[in-house]
Amino acid sequence: MIPAIVVFLITYALMLSFQEYRPWIALGSVAVMLLLSTFGAFDLSLVDALRAVDYNVLLMIASTMGTVALFIDSRMPARLAEQIMTIVPNVKWAVAALSLFAGIISAFVDNVATVLMVAPVGLAISRRLKISPVPVLIAIAVSSNLQGAATLVGDTTSILLGGFADMNFMDFFWMHGKPGIFWGVELGAVASLFVLFVLFRREKEKVDVEIETEVEDYFPSWMMIATVVLLIIVSFLPRPDGGVLLTVYEMRSGLSCMLLCIIGTVRSCVRARSAAPFRLVLKEMDKETLLLLFGLFIVIEGIKAAGVIDAAAKLFYRLAGSNEFMLYTLIVVVSVILSAFIDNIPYVATMLPVVQSIAGLMNGGAGCEPYVFYFGLLTGATLGGNLTPIGASANISAIGILRKNGEKVTTGDFMRIGVPFTLVAVLSGYIFIWLVWGM
C-alpha cells in the first residue's frame, strides 16, 4: 500500500505545481502504477485498468463540449444576456441579473464556457457605465461555479457523480422520493444572491443597454434543449439483462450526447459549406481534461487495488466515529477547504470511492445509503472553489479575461466577494441536504 500512496501523493504534488501538464502527469502515474503491479506491489492488470475507465462519462463530457461550442458560436447566450440587461433598473440589479443568468446557463453548460459567454457582456456594461469590471466578472464567475452542481450536465464533477453512483438526469431533481441536490444548489443560489445585493448596494447607476447581438443560427439552441430532453428520456429506459444491449444501456447518456453533437456539427458544416464548424467543435473540446480523467480513473483504481481507498475511509471513520452527522460535516468542511486550493475534478474523482467506503463502514459494518455523503462531497467541492482565485477554472478564466483587458485583480478583490458568497451558499446547501437526506 505504501508505494501506491507515494505515487498518488507525488501525482497530486506534481499536478498542483505544473497544472499545464496535468494530463501527462496522470498518464505517467498510470504507467508507474502498472509497473508496480508487475512487480507484485498490488494486483492491477492492463485489462483491469482499461475497464476502470468510465467511457460513458468521457463521451458525455466530450460531446456536451462540442454542442456547447456550437451554442456559443451562434451568439444566442450574448443575445439573451443583452435582453436581460434591458429590463434592469441599475448596476446593482444588473450584476445580480447577470450572475443569476450565468448560474442558470451553467446548470447546463460547462462553467468556463459560461464565463466566456457572459463575461463580454459584463465588460461592455462596465465600460459603458465607467465602473470597474473586476467585481462584476468575479460575481459572474462564482455564480457560474455554484450552479455547476445543479444538474447532471452542469459540471464535470456532476457527471463524475452521476457515472459513479449510477444517477440519471432526473435523479438530480428528485430521487428515491426526495428532493435531489438541484434544490440544495438553488437554495444556495438564492441565498448568495442576497450577498451580491449587499456587496453592490451602493452601485445605483442606471443601465442603458440596447440589443445589438444578432443570433446567426437558432439550431444549436434547440440542440442544447434536445440534449437535456434526450437525457431525461433515456433515464427511463429499462435495464436489459446482459449482452450488447447492456453495454449500450450503460453508455446511453454518452451516446445520446454524442448523437446530438454529431447532428449539430454535420448540419452546421452543411449550412456553412465548410468544415469550419467541425474544426471549431474539435478545438473547443477540452482534450486535456478528457486525458486527465482517463488517467485518473486508472490511478484511482490502482490505489483502490492497493487498499488505499479503504484506509482513507477508515481514517475518516476514526475521526468522526459512527456519527453520520459528524461524518457528513467532516466531508463538507474538508471538501470546501481543499477545493479552495486544488482542482475539484481530481479531488471528486478520488473521493467518490472513499465516500462509498465510508458509507459501508456505518452501522457496525452493515452500511448505510451513501447519498448524503455524495451530495455533501459535491456541494463542498464545487462551492469551495469560490473561496480563492485559483479554486476553480471559472475563476481563473474570469481573472484571465480581466487581465487581458488591462485590469489588475488582487486576491483581496476576489475574496471580498468569493468568501461571503461561498460561506452562505455552502451553509444553505449543507443544511438542506442534511435535513432531506441525513435525518
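**Note on a predicted helical model**

1. D413 belongs to helix α21, which covers residues 411–438, where helices (H or I, at least four residues) and strands (E, at least two) are DSSP runs numbered from the N terminus. This is a predicted model, in which local features need pLDDT of at least 70 and side-chain atom pairs count only at pLDDT 80 or more, while totals for chains, interfaces and linings use all residues. Residues are numbered from 1 along each chain as its sequence is written, and side-chain values use heavy atoms, with hydrogens and water left out.

2. D413 has a relative accessibility of 31% and therefore counts as partly exposed; on this scale buried means under 20% relative accessible area, exposed means over 50%, and partly exposed lies in between, with a 1.4 Å probe and protein chains only. Although D413 and V134 are 279 residues apart in sequence, their C-alpha atoms are 7.8 Å apart in space.

3. L330, in helix α17 (residues 324–339), is partly exposed with a relative accessible area of 22%, and its C-alpha is 8.6 Å from that of L319, which is 11 residues away in sequence. M85 lies in helix α5 and is buried, with a relative accessible area of 0%, while its C-alpha is separated by 9.9 Å from that of G122, 37 residues apart along the chain.

4. Helix α18 (residues 344–361) deserves a careful look, since its 18 residues reach 25 Å from first C-alpha to last, close to the 26 Å expected at 1.5 Å a residue; the expected span is 1.5 Å times one less than the number of residues. A kink of about 30 degrees lies at M351, shortly before the proline P353, the bend at a residue being the angle between axes fitted to the seven residues ending there and the seven starting there. Because 15 of the 18 residues of α18 are buried, this helix is largely enclosed by the rest of the structure.

5. Most residues other than glycine have a negative phi. R75, however, has a positive phi near 75 degrees; this residue is found in the loop between α4 and α5 (76–85) and, at 37% relative accessibility, counts as partly exposed. D166 also has a positive phi, of about 55 degrees, although it is not a glycine, and it lies in the loop between α9 and β1 (174–175), where it is exposed with a relative accessible area of 53%. N363, which follows α18, has a positive phi near 55 degrees.

6. The largest pocket has a volume of about 1,100 Å³. On a 1 Å grid over the protein atoms alone, a pocket is an open set of points where a 1.4 Å probe fits, with protein on both sides within 12 Å along at least five of seven lines, and lining residues have an atom within 4 Å of a point. Grid points are joined across faces, edges and corners, and a volume is the space filled by probe spheres set on the points. This pocket is lined by 38 residues, of which D110, V112, D286, S393 and S397 lie nearest its centre. Among the elements that each supply at least two lining residues are α1 (2–17), α7 (111–129), α18 and α20 (393–404).

7. The second largest pocket holds about 770 Å³ of space, and it is lined by 31 residues, of which A52, D54, V57, G163 and F164 lie nearest its centre. The elements giving two or more residues to this lining include α3 (46–52), α4, α13 (252–272) and α18, while α9 gives the most, with 5 residues.

8. The structure holds 0 disulfides, a disulfide being a pair of cysteine sulfur atoms within 2.5 Å. C269 is in no disulfide, and the nearest cysteine sulfur, that of C261, is 10 Å away. C269 is buried, with a relative accessible area of 18%, whereas C368, at 22% relative accessibility, counts as partly exposed.
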